[in-house]
Structure formats: C-alpha cells, structure tokens
Amino acid sequence: LQQLRADIGINYEQQTRGIMHFYTNQAEFDAAIAPTERMQALGCERHVIDINNAVSLEPALYPIAHKLTGATYTSHDESGNAHLFTQRLAERCADAGVQFLYDTEVLALNADANSNSPHIHSIIIRPKGENAQTFSADSHVLALGSYSVSLLKPLGIHAPIFPAKGYSATYQINPRAPHLAPFVSLIDDEFKLVTSRLGDKLRVAGTAEFNGYNLDLNSTRCEAITRRVQQLFPKGIIANSVQYWTGLRPMTPSNVPLIGRAHSGQVRHGSHNTHATFDNLWLNTGHGTLGWTHACGSAKAISLLMQGETPQVDFDFIGLKV
C-alpha cells in the first residue's frame, strides 16, 4: 500500500498516526500482553503503554481515562477511507486502459468437464437492463468476497467462506471542538469497535452478525454503536449527523484469505494439487475483517503467481507448492 501510494500519488484521507488498542477490562488487557510480545518477536513495533501514555498520545481519551486499564500502540499502523481509496484507484486504472463493467451480474463460469486440468472457457454476464452476454479470457481471478461461493459451487469447488455482516457509523466531527474527537485510530477492545478519523468525519466500525446475505440495517446494532461513541467522545461528534452502513465480510474459519490456484473439492490452507486443478482460474477471496489490510499484498502475490513467479511472503498459497 505504501509503495502504491508512492508510485501513483493516491490520496484517500490516510492517517499515519498509528493505531491504539485501549482496554477498560483488566482481564482483557492482561490477555493482550502475550500477543503483543509475539508480534514484537515477529518484528512489529507494538508496545504496551500505561494510561498516562495512552491519554498523552490521544487526548480525546481523557474523559474515560479513569476507566482505562491500559493500552497497546503500534506506531507504524495506518488508516484511511477505503471507499475513497477504491474510487480513486479505479480512476487511475481506467486512465491506464482498464474497463470496468458496473451494474453487471456474473451468472456463471463455464468450464470444460471431465479433465484433470479443468479450463474456464467462458463467463456469462448480464448488464443491468440487458440480455445475458458471454465472453472469454486467458485467465480469471475470482475476487468477489462473500459472493465467491455461489459461483464456485457449480464447478465442484467448495470454499469455506461465510458472510459476516459488519456495521459502520460515520459522524460529523464537532467543528467547535475538533480536538475532542480522536486523531489516532483506536480499537475499543471491550466493544470491538474500530475508530478512524477521515477528514472532518469520524468513522466507527465493528460487530459481526451472521444473518446470511441480508443487508438490512439492524437498528439495535446501529444504536449500540452510537451509544458507545457518545460515551467515549460526547462532545467530539455530532451524533444526529450519523450515517450507517452495513456490508458482508467474507470470513474463513481462520480469517486467513484463500489466495492461489483454484481446484475442485474442498479448498483449504494446506491443500496442494490434491484434486483437479484449474489452469486459468485463480482465487483471491475470503479476507474476512482484513480485506483492505491485505488488499495490495494479495494483489501483488496473485499477479506474481499467475506469471509463474514466487511471492516473497511466506504464505500457504492454495493449489500449488511454492
């Protein structure tokens, strides 16, 4: 992501002020020590900090300082506006010649049957308000998140991806007291909410609801987010300015994405060429709660794999041994 930003100068309201986990429960804070030490051992500059340091780094936490038991802080972490990022990246791609087909339903992937090396020979799509169309390509990458499963199943590919419905709430920051809203990205561990400042707005995201592919906003969950935000930053945001959103996170049992060559049967980490492997169908899906975190790295890895090269990262890519 940093390399992409440097290469094309993309701006998406990014913040490079680090990310802080704060804890209001002693047991949960104690449980955070071992993972923090593990991350340090792997080279991540994440540190346990006391309450005074936490409030010093983010003064907006002062109103609840008496409730804090501790915090951890990763100074190199970043945040930004994912929606704006994708819009501006799409603009750059279009300028480079990429054609996007919006409002288009992918109906089916058609494969040659009875082969030890199945081949996708065509795709059926239906643009909004038009008849179905068929087209073909040299290679295909399935990167449809929670909606990957239904297209793979007819091909005999069973991907363990489950839609986990997440929510976000975006508030206008109080222009009279902008310092009372956080600048550092925060993770409220007790309520499992992530807070990011985006320009003059504050976005708070979290929760996981298993309700199939339903995208209706649950008012109880929405109100719970706002209630917590008002407890944390009562004068920093304009509560009645809130805009709610919900979307489906494509969860795997391990929350680790499925990246690599598609093959028939059950797709799982550690499955390498155990079944018929597709010669021109690749998977880049199942990123769970870390879709944007993994996005640029996943894209680089899948592009290298498709070119017959080996990515640098030590990852259990599916469908092939690297």
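**Note on a predicted structure**

1. The second largest pocket has a volume of about 360 Å³. A pocket here is an open set of points, on a 1 Å grid over the protein atoms alone, with protein on both sides within 12 Å along at least five of seven lines; lining residues have an atom within 4 Å of a point. Grid points are joined across faces, edges and corners, and the volume is the space filled by probe spheres set on the points. Of the 14 residues that line this pocket, Gly-297, Ser-298, Ala-301, Val-313 and Phe-317 are the closest to its centre. Helix H8 gives the largest share of the lining, six residues.

2. The model is predicted, so local features need pLDDT of at least 70 and side-chain atom pairs count only at pLDDT 80 or more, while totals for chains, interfaces and linings use all residues. Residues are numbered from 1 along each chain as its sequence is written, and side-chain values use heavy atoms, with hydrogens and water left out.

3. An open sheet of three strands runs in the order E7-E16-E14, with mixed pairing. Strand E7 (140-142) and strand E14 (258-263) stand at the edges with a single partner strand each, so one side of each has no neighbour in the sheet. Neighbouring strands are turned by 30 degrees against each other on average, direction ignored. Helices (H or I, at least four residues) and strands (E, at least two) are DSSP runs numbered from the N terminus, and two strands pair if DSSP finds at least two bridges between them.

4. E14 and strand E16 (residues 277-285) pair in the antiparallel sense over five bridges. In this pairing, His-263 stands opposite Thr-277 of E16. Helix H8 (residues 291-306) packs on the sheet and touches E7, E14 and E16, and its direction makes about 170 degrees with that of E16. Axes are lines fitted to C-alpha atoms, for helices over the stretch in contact, and angles run from 0 to 180 degrees between N-to-C directions. Contact means heavy atoms within 4.5 Å.

5. Arg-261 lies in strand E14. Apart from its neighbours within four places in sequence, Arg-261 is in contact with several residues, including Thr-277, Asp-279, Trp-282 and Leu-320. Arg-261 and Ala-65 are 196 residues apart in sequence and 49 Å apart in space, C-alpha to C-alpha.

6. The structure holds zero disulfides (pairs of cysteine sulfur atoms within 2.5 Å). For Cys-93, the nearest cysteine sulfur is that of Cys-296, 10 Å away. Cys-93 counts as partly exposed because its relative accessibility is 25%, whereas Cys-222 is buried, with a relative accessible area of 4%. Buried means under 20% relative accessible area, exposed over 50%, and partly exposed in between (1.4 Å probe, protein chains only).

7. Thr-74 belongs to strand E3 (residues 70-74). With a relative accessible area of 6%, Thr-74 is buried. Leaving aside neighbours within four places in sequence, Thr-74 is in contact with Gly-18, Ile-19, Cys-44, Glu-45 and Arg-46.

8. Lys-192, in the loop between strand E10 (185-188) and strand E11 (193-198), has phi near 55 degrees, a positive value in a residue other than glycine. Lys-192 is partly exposed, at 49% relative accessibility. Asn-255, in the loop between strand E13 (237-251) and E14, has a positive phi of about 65 degrees although it is not a glycine.

Definitions and conventions: 1 Å grid on protein atoms, 1.4 Å probe; cavity = no way out; pocket = protein on both sides within 12 Å on 5 of 7 lines; lining within 4 Å.
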